[in-house]
Amino acid sequence: MTSSYDSNNIFARILRGELPAHTVYEDADTFAFLDIMPRGDGHCLVIPRKPARNILDADPDSLAAVLRTVQKLSRAVMEAFAAPGVTVQQFNEPAGGQVVFHLHFHVIPRFEGVTLRPPGTMEKPEILAANAQKIRAALVG
Ligand code: 5GP
């Protein structure tokens, strides 16, 4: 059985504008921003605006909207970083590796022979700002 949604989770607070984020894309149903501890340059997170703890309780229409944005961002990060590949990850419940309990998909540009960086290392704000700008430029280009 899954637990309930906590409206004070970090991503809910980012959505409400209570905490800052390096935004790369937003629309009526979804919001995308850079992971503050990226596993690779350009590591994005895509979330629904509608509250959902994870994939288990998400409204299917909201999930579909998130996946549309995941596809858009996958193409954009590959272009922005001239990456030949992209990894999409999504974790559910603590046993599934989930740490923040608002549904999110990771979108990470990938390069041959380059492994993901270990989790938990904070990136410099100026690097996040520059990477977000690259992705926004790829989205409009
Ligand atoms: P997961 O729940 O999928 O295991 O991972 C949560 C992700 O959120 C991690 O990759 C972590 O680096 C990221 N994260 C945690 N706190 C923040 C935050 O305050 N801002 C941003 N942008 N990302 C965060």
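1. The shell around the ligand comprises 11 nonpolar, 4 polar and 1 charged residues. Here Ala, Val, Leu, Ile, Met, Phe, Trp, Tyr, Cys and Pro count as nonpolar, Asp, Glu, Lys and Arg as charged, and the others, Gly among them, as polar. This is a predicted model: local features need pLDDT of at least 70, side-chain atom pairs need 80 or more, and totals for chains, interfaces and linings use all residues. Numbering runs from 1 along each chain as its sequence is written, and side-chain values use heavy atoms, with hydrogens and water left out.

2. The ligand is surrounded by 16 residues, each with a heavy atom within 4 Å of it. D35, G97, V99, H104 and H106 are the closest.

3. One lies 2.5 Å from a side-chain N or O atom of D35. For the side chain of H106 the distance is 2.7 Å. For a polar backbone atom of V100 it is 3.0 Å. The protein covers 84% of the 520 Å² of accessible area that the ligand has on its own (Shrake-Rupley, 1.4 Å probe).

4. Which element gives the largest share of the shell around the ligand? α1 does, with 3 residues. α1 (10-15) and β2 (30-34) are the elements that give two or more. Helices are DSSP runs of H or I, at least four residues; strands are runs of E, at least two.

5. α1 also gives the most to the lining of the largest pocket, with 3 residues. That lining divides into 18 nonpolar, 8 polar and 3 charged residues.

Technical notes
Polar contact = N/O pair within 3.5 Å; in protein donor to acceptor, adjacent residues only side chain to side chain.
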